[in-house]
Amino acid sequence: MSTIQLDRRDFLKGCCAATLAGSGHAAFAATDSTTQDTLVVVFLRGAMDALSLLSPGQNHPARADYEANRDATRVPYSGTGAGLPLGATNWQLHPRAAALKTLYTQGHLALVVGAGQMAPNPVVRSHFEAQANLEIGVGGGTGSGIGWLTRHLMSASLPANVPVPAVSMGSITPSSLLGSTEAITMNSGQDFRLDLGNWPWNSADDYQPAIAGLKGVADVLPSLWQSSTLPLAQAGLSALDALSLFRSINFGTFHASSNTAGYQPSGGANYGTGGFGLQLQNIAQLVKRNVGLRIATVDLGGWDTHNGQGSPANSYDYFGNQVQVLNDGLNAFYTDLSTDAAGNYMKNVSVVTVSEFGRRVQENASGGTDHGYGTVMLALGASVNGNQIYGTFPGLASDQLFEGADVAVTTDYRRVLAEALVARLGNANVGYVFPGYSGYSPLGIFQSSVLADTVFKSGFD
Amino acid sequence: MSSTTAAIAAAGSRRRVLGTLLAALGMDATPAQAAMRRPGKAPVDTRLAQLDAASAVAVTFSGPPSPVAWLNRASFGCTQADVTAFNALGASDSARWTAWLDYQFNLVDDDSACNSRIAGANFQSLNLTPNQLWTTFHSDTANYNHRMLPVAEVECATLIRQTYSKHQLFEVMVDFWHDHFSVFGWDYDGGPIFPAFDALFRDTTPGNGVFGNFKSLLMAVCESASMMYMLDLYSSFAAGPNENYARELCELHTLGAINYAGVVDPDPYSGVYPIPMVTAADGSSIRAMYVDDDVYNATTALTGWTISQSTWQVGSDPNPGTFEYVDSLHYDKVTTTFLNRYIGANTGISAGQNIFNWLSIHPGVATFIATKLCRRLVGDNPSASLISTVANVFMQNYQAPNQLQLTTQAVLTSNEFLSSYGLKMKRPGVAFVGALRACGADFTPVPDLDNPTYVSGQWTTTDSLLWALQSAGHRPFYWPAPNGYPDTQTAWSSTGTLGLTLRMLAYLLESTQDRNVAGSPFIADVQAQTLAAIPVAANRTAANVAGLWCDCILGYRPANVYNTAVDFLRQNALATDALDLTTDTWNSASLKLHYTKSRLRSMVALILSSPDFLTR
């Protein structure tokens with residue numbers, strides 16, 4: 001029979017009619033990890049105090065201003081709780097971020113200062129509104145109810161068949177994936193299965209060998225929802241698809257006696273027992289399983305430190321506890337994916353952190369900080385040009401502050417995310433993913449991926 | 001690539017694609033798991049988010065009889081008994097609905113069965129005053145389990161009342177206002193005092209509680225220890241004001257983000273008014289939207305509003321755990337403004353009180369509250385006209401002791417409410433309680449937290465069911481942020497929450513009174529109920545049994561659910577054959593005999609797992 005030869009460009013544009021019959025383009029099969037990258041977006045919810053995560057070091061020109069504004073919440077540059085200097089940059093990381101400092105020095109971690117939302121104007125200081133603005137990504141407002149990552153998935157020319165293009169860790173789909181039918185949302189891989197009905201009639205696959213003709217509840221549910229005309233039906237079918245897709249995966253952590261088929265992180269990576277770590281573990285497991293994962297989202301909350309933020313110089317260091325969770329989780333994730341026997345997955349995985357805004361430069365008298373503006377973004381990966389601070393720090397002198405109170409924003413957060421999409425995921429449709437955002441140019445944070453090179457070399461336009 | 005290789009690859013890929021297409025049509029094909037992204041599946045779907053009454057009319061959803069639809073939204077789940085009782089209330093559905101609402105709003109003291117169940121659970125903390133809770137539980141820094149027992153008890157008592165109280169609308173509104181004034185129950189400081197917070201909503205004295213006056217409820221919430229700790233107001237003093245409560249007061253409790261203008265200088269003195277003025281409930285003129293300066297000024301106005309003994313500054317004050325205004329901690333050295341109103345200097349507690357006065361007359365607040373009420377009871381996208389109607393009732397009754405009753409009533413008597421179906425879904429907590437109600441469960445959750453007979457490694461039935469509800473994302477008082485659990489189908493139809501709801505519902509049917517005791521009875525004994533409802537064995541056919549449970553759970557028999565349930569129960573029997581429903585033995589050769597008791601429970605789980613049960 002004649003082959004269906006597709007021009008590579010047409011294939012990438014996703015000509016569904018042609019690919020429906022199968023093109024046999026194995027090089028672009030969903031499961032080929034060398035042509036596919038994954039972007040993990042970590043949302044630090046509650047407005048992370050960027051000035052404490054990354055503070056001016058001893059010789060930084062803004063150190064004096066920093067110390068004038070931060071006393072109870074100060075990160076010192078010497079003595080107990082001293083920050084971790086980042087090379088010759090005069091910046092220092094919070095002392096509880098030791099692994100992040102190592103990753104930075106190894107060239108796998110970059111930070112962007114003065115990052116934030118340049119639109120809408122006026123600035124909003126509401127957590128919920130600012131989070132929604134960031135995630136919908138149209139410069140303010142809820143647009144047409146579609147998130148920025150959804151628009152990426154729509155415009156990235158993914159192959160027609162991808163088992164799991166996106167996963168969002170949590171119970172409820174975040175706004176960045178609003179409207180997408182291609183994402184699986186789950187709070188915990190281990191819990192995401194239909195397995196608590198009585199065993200005789202739960203699912204046919206509970207029987208080894210199978211009983212001919214036996215269909216359990218899990219097997220019958222799809223047709224029950226398929227035959228419904230209620231508005232909820234489509235969502236139910238999606239949920240059942242997702243459950244079915246993940247059913248064969250043992251997301252539990254390996255245990256010598258109770259779960260020998262469980263997941264074993266590589267390189268001795270320890271995700272701990274907390275929610276954030278385990279969610280990162282789930283993502284890592286999916287990356288290694290080649291389900292076609294392009295996007296993963298995960299949240300870490302608890303950053304809204306209006307009161308009693310603590311300081312690393314004291315025994316009470318609430319903010320430091322948060323940093324520790326972030327540090328440990330990202331470290332385990334990086335170790336797990338970079339030391340796997342199959343290869344260094346982190347070459348094709350990038351992690352970016354976002355937060356809705358930073359916190360006010362002047363601490364309040366409750367030992368905490370209030371809502372601010374400019375913040376810091378992290379970029380982590382083996383294909384990140386790390387060991388560098390990006391962006392222009394606007395300064396902490398009172399005439400340099402936004403509204404006389406906050407770190408100003410000099411790098412639009414979309415610039416960093418767009419670069420991840422273009423350079424790593426090969427999606428140049430910045431104007432589609434972020435409508436209204438113009439003048440994009442890369443900061444140089446990400447190395448160009450094989451996929452991006454291929455896409456752009458073939459004259460994709 | 002050679003043509004042969006390509007052909008094989010093409011054929012394989014075609015087979016996969018066909019398999020997924022057939023699977024999408026519900027047909028058994030070659031085993032293929034439907035990919036999340038596949039041809040023929042739209043990558044984006046915003047229909048559920050945009051669903052409103054107008055679009056719903058265009059597609060007629062076959063739904064239950066109207067009273068069932070109404071009761072399913074105004075209660076935690078309509079049961080057969082509810083329908084029977086409803087039908088006895090009058091000569092027509094509309095007369096019955098009026099009578100039902102009358103009964104629900106009048107709160108006649110006749111909830112003895114539910115009250116007995118609560119009493120039998122021996123809760124220790126529910127009726128204590130804030131002072132007593134402070135002394136008994138908040139002061140306990142040694143035993144965390146004992147310290148947090150109050151919130152664990154409120155959690156259990158809430159589920160009991162949602163399941164068994166005859167005052168179902170009251171419970172629905174308590175749930176609504178808890179979400180509106182959302183507090184994370186397990187806060188180290190707020191948790192021990194949580195029963196006093198819950199009591200504010202449940203207060204049935206005139207002017208108070210969820211059927212009372214909004215301003216009264218708003219202020220009572222502000223002055224509660226649990227909310228004070230949640231939003232840091234307890235530590236907001238002149239020397240160090242904390243803006244957290246003031247911001248969320250404006251954004252979440254009253255005006256809403258829709259009335260937030262951002263970091264804007266409204267500057268009325270310049271003669272330029274970037275934000276319009278609107279007419280308040282008392283006829284005066286008030287600025288339509290709030291700006292950040294309003295938040296800061298409200299913060300100042302509310303300094304010194306604190307909880308006795310919550311900080312060192314008030315560490316020796318009387319009545320610990322209760323609200324107090326401390327003038328020495330209040331900042332009022334200058335005149336300030338809130339919206340377009342002046343707050344004079346040295347006006348003490350009235351500065352903060354005025355904030356509440358002005359918010360309670362603001363039309364933006366009326367609209368925000370009305371929108372949320374309509375979204376809870378009618379649909380995710382209530383019409384502007386309904387919102388306006390309800391907001392007007394709210395505004396006109398701003399001083400009435402039964403303002404919230406009248407406002408709620410306006411929603412529930414509206415045409416939009418009465419003619420809607422399919423515009424809401426049951427959030428996991430509602431599905432959970434609704435399943436308990438529909439399946440005639442006998443379940444009294446009690447905390448295991450401070451249990452002297454606690455056995456390490458053993459998990460009680462209560463623990464296991466709360467865990468299942470938590471996994472579905474909807475454990476009571478467990479939302480960490482002050483904006484409360486979302487209230488839209490978009491949120492709750494996520495794969496994670498919908499999938500885990502299906503998991504939870506099956507688990508419910510398998511749960512026993514004491515999961516650590518072999519042979520313990522099921523909390524919902526569907527077998528016993530089936531045998532009792534169909535006493536003649538020859539009548540226990542799939543047709544009848546499936547019909548019975550569709551009636552119990554759904555109030556009617558939608559064809560797809562009914563037929564699926566019949567087929568599942570009968571297996572290789574005929575729908576009209578009498579079935580054995582009393583044995584649990586292996587019989588792979590004749591599946592109608594294979595684990596019949598389990599199959600009956602699974603059939604019930606199947607009905608609970610239908611879109612028809614989860615829609616309302």
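**Entry 1: strands of chain A**

I began with S3(A) and strand S4 (residues 91-93) of chain A, which are joined by two bridges and run antiparallel. The model I am reading is a predicted one. Across this pairing I found A:Leu84 opposite A:Leu93 in S4(A).

I then looked up the sheet to which these strands belong. It is an open sheet of three strands in the order S2-S4-S3 (chain A), and its pairing is antiparallel. I noted strand S2 (54-56) and strand S3 (84-85) of chain A as the edge strands, since each pairs on one side only.

Next I turned to strand S6 (residues 166-169) of chain A. S6 pairs with S7(A) in the parallel sense, over four bridges. For A:Ala166 I recorded A:Ala183 as the bridge partner in S7(A).

Which way do the residues of strand S7 (residues 183-186) of chain A point? I have A:Ala183 and A:Thr185 on one side, with A:Ile184 and A:Met186 pointing the other way. I marked all of them as buried.

**Entry 2: cysteines**

How many disulfides does the whole structure hold? My search over all chains returned zero.

I checked B:Cys114, which is in no disulfide; the nearest cysteine sulfur belongs to B:Cys156 and is 13 Å away. B:Cys114 is buried, and I noted its relative accessible area as 1%.

**Entry 3: cavities**

I listed the cavities of 30 Å³ or more and got 15 of them in the structure. For the largest cavity I wrote down a volume of about 240 Å³. It is lined by 20 residues, and those closest to its centre are B:Asp175, B:Asp179, B:His474, B:Pro476 and B:Phe477.

Which helices supply at least two residues each of this lining? I have helix H10 (149-164), helix H11 (168-180) and helix H22 (428-438), which belong to chain B. H11(B) gives the largest share of the lining, with five residues.

Last, I sorted the lining residues of the largest cavity by type: nine are nonpolar, six polar and five charged.

Conventions:
Residues numbered from 1 in each chain as written. Chains lettered and ligands numbered in written order. Predicted model: local features only at pLDDT ≥ 70, side-chain atom pairs only at ≥ 80, totals over all residues. Heavy atoms only, no water. Buried < 20%, exposed > 50% of the residue type's maximum accessible area, 1.4 Å probe, protein only. Pairing = 2+ DSSP bridges. Disulfide = S-S within 2.5 Å. 1 Å grid on protein atoms, 1.4 Å probe; cavity = no way out; pocket = protein on both sides within 12 Å on 5 of 7 lines; lining within 4 Å. Points joined across faces, edges and corners; volume = space filled by probe spheres on them. Nonpolar A, V, L, I, M, F, W, Y, C, P; charged D, E, K, R; others polar.
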